[in-house]
Amino acid sequence: MQGSKLYQSQELAIKYFTVAIILFGAQLLFGLVAAIQFLYPNFLFNTLDFSIARMLHINALVVWLLYAMIGAVYWLLPDEAGIEVVGIKLANIAFYILTAAVAIVVLVYLFVQIGPGKESTIWFITEGREYIEAPRWADIGIVAVVLVFLYNVYATVMKGRHTGILVVLMADLIALAGLYLAGMFYTDNIAVDQYWWWWVVHLWVEATWEVYVAAVGGYILIKTLNANRKVVEMWLWIEVAMMFGSGILGLGHHYFWIGTPEYWWEIGALFSALEPVPLVGLFVHVLYDWGKERGKGNEIKNTPAFAWLTVETFGNFLGAGVWGFMHTLPQINLYTHGTQWPAAHGHLAFFGAYVAIMISAMYLAVQGKAGLERLRMTKAGWWAISLISVGVLLMTVSLTVAAYTQTMVERGMHGATWEGYFIAQANRWFVQGMGWRLAAGLAVIVGYGFLVYDLLTCAKKQPVEEGEKEVAAAAA
Amino acid sequence: MEEKVSVWTSNRFWRRSATWVTGVASVLLIFLTFDSMAQMKMGSAKDIEKKIDRRIPSPVVINYTIDYKLDPYRGHEIPIIGGEMRRPEGGIKSAYEKKEKFFGRDDYSEKEARELIHKGKLTIQAKNCMDCHTLLGNGAYYAPDLTKAWLDPTWETLAPAYNGKEYAIAAFLQDPPKMAMHERKMPNLGITKEEAKAVVAYLKFMSAIDTNGFPRNFGKIKGAVDARK
Amino acid sequence: MIEPCHDVVCSFWSYLNQGPMTLTIILHTLIVLPMIWIYFDEKKRLERGDLPNE
């Protein structure tokens, strides 16, 4: 790789990664505001109310992950296919259009915030539907940009090499994009509204995104460990079978209480209970490959990328798998639905399943851009990964304590009423959970600082290798 | 003698399996969705006349009293619209008879009621309710769940002072900080009088949706005491 | 033996829903069973060795 020039597509990938990491910062910032408001409700009251801070928190999350996901595809696509991406000019234009649209949406969220109860609000200000609040005009823009992206991927793979990783990605990305359409309509029937809303949210994060992660994870394993492609691709197909097998009908665990027929109880319970299985598979696969390649004396070519991939496997299994399973059965979900439980689960799952692997992909790009044979972990990189991982885990545990309290007090003892809600929110265990969450969140923000610093500087701060020292000495 | 082969480590086997599993799961989901959509269609005023239960009833339920009671037949709590009657199979169900005034009227036509909840739903989305509250349990967790908000004992307590709970809720929505009951209060979102009325209609309509018994034991403050009585 | 359906509307899927887990086991079987056929089909092909080179 030394001295090799980047593909244009890889330069575009770096642009996507840059916007992603900035939006990641925005996500943390608004998360901080929301976390403070749980403890001090008058903080920024009437200026940046919880609803707005929280909306920006989760929207920044989704958008930066999508940016990073698109970026990672533009990074690996020419490398895997062996040719420059077809239609790269168009891809560049699409990037600027998307970024301009995101900027406008964020400004409207921040300064207009809400609108009157009319159709025009849905079209131009906010759709008011968690995670996909983006107004309708932006939806249409996103679809247009995604079509360009899909064209790039399909045209390139048709012309270049068809690797297993690319075939999985092609199938997955079309499903991912298509599902977004399920969230683009309005209905007065809130049950039907939420039914389709989950098609986007669940079938993204618990099916298509997971498969995306498995594919990109396979690529990272090949790049960092020199893992055997045939073995990686076999695992990839196993994971696709298990993720889609459990994840698609696992959708049923969102259809317990929203006006849907009772048969979803059963479908949701068992299919979603199996969702952790592929995550264990991913976990075993990565660690197994690591052991095997080390046994052969192979070195890790990009330590930070590999470290983040390891965090990904742990985090995905714990956050999505274990924390998800904790409240997925209807008998339990009846009491945990709509409490801090999903918040606890969501924090570790999004981090473990998606954030960690996207950071891993970014380190791969850092290495590629600098043209380094090996990229080692720096001190700052080590601080970043430790503070962020431990911080998110602690945040999750704190939210879980709060969630237990809320479930017991509000749901168990007080029957979910308004008064019961506030009694639970004032409970000492709940408040302390929120306090620890804030503290852990601050640790994550410090870790983010280290991360940004490290991504910018780590390529220059590599320790000089023994062999290179001798070469340098001889030259002198 | 035949060569020993390993199907388990064959990429082709897993690729075919993955394709099959994904395909059949998707097809099943589509079939299930057709069935669910048929069951979740909003009911009509005719259904109510004929006393046919719908998961999502016609918005004209705002003309009727609404309650939430344990039905031994279904095995969980169900919305009871317009009073209760005995099920032929045992248990209880909605009688669709007992009316109550909603903003002074109990004769909203299907069209009027639909227009009202249309505006209500638009307002709920336009004001971002879901990023503090939960509706049918989905949303943010910074404010109470609104699934059965219409039936919340808090409003029963406030109702007499406002001449009915719909007026109390509407007054609250138009200036929440003024009626704030906790330090964590709802901001003033500029909800107009019409929007407030529409949102209250939506809340009443939503409390009549059959949510398979969620939330459990709603309104039973302090264990055994049923505070809604 | 066969339990009556207690849902608001009783459809085909509700009837398959016979107490704990029947419906979900039926669906799982439907998904997993044909994989056995795929297994033996692949085995046959591997033994014959008539696989296209990948």
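**Core, fold and contacts**

Analyst: The largest nonpolar core has 236 residues, and A:Tyr16, A:Ala20, A:Ala68, A:Met358 and A:Ala361 have the most contacts inside it. This is a predicted model, in which local features need pLDDT of at least 70 and side-chain atom pairs pLDDT 80 or more, while totals for chains, interfaces and linings use all residues. Residues are numbered from 1 along each chain as its sequence is written, with chains lettered from A and ligands numbered from 1 in the order in which they are written.

User: Why is this called a nonpolar core?

Analyst: The name is used because the set holds buried Ala, Val, Leu, Ile, Met, Phe, Trp, Tyr and Cys residues joined through C-beta atoms within 7 Å. A residue is buried if 20 or more other C-beta atoms lie within 10 Å of its own, exposed if 12 or fewer, and partly exposed in between, with C-beta atoms placed from the backbone. In chain A, 60% of the 476 residues are buried.

User: What is A:Ala68 in contact with, leaving aside its neighbours within four places in sequence?

Analyst: A:Ala68 is in contact (C-beta atoms, placed from the backbone, within 7 Å) with A:Tyr16, A:Phe17, A:Ala20, A:Met358 and A:Ala361.

User: What makes chain A as compact as a globular protein of that length?

Analyst: Chain A has 17 helices and zero strands; helices (H or I, at least four residues) and strands (E, at least two) are DSSP runs, numbered from the N terminus. Its radius of gyration, taken over C-alpha atoms, is 23 Å, close to the 23 Å that the globule rule gives for 476 residues, so chain A is as compact as a globular protein of that length. The rule is 2.2 Å times the number of residues to the power 0.38.

User: Which domains does chain A have, and where do their bounds come from?

Analyst: Chain A is assigned domain 1 (1-161), domain 2 (188-287) and domain 3 (300-463). Such bounds come from an automatic or database domain assignment.

User: How many residues of domain 1 of chain A are in contact with domain 3 of chain A?

Analyst: In domain 1, 26 residues are in contact with 21 residues of domain 3. On the domain 1 side, α1(A) gives the largest share, 15 residues. That side divides into 20 nonpolar, six polar and no charged residues. Here Ala, Val, Leu, Ile, Met, Phe, Trp, Tyr, Cys and Pro count as nonpolar, Asp, Glu, Lys and Arg as charged, and the others, Gly among them, as polar.

How values were computed. Two residues are in contact if their C-beta atoms, placed from the backbone, lie within 7 Å.
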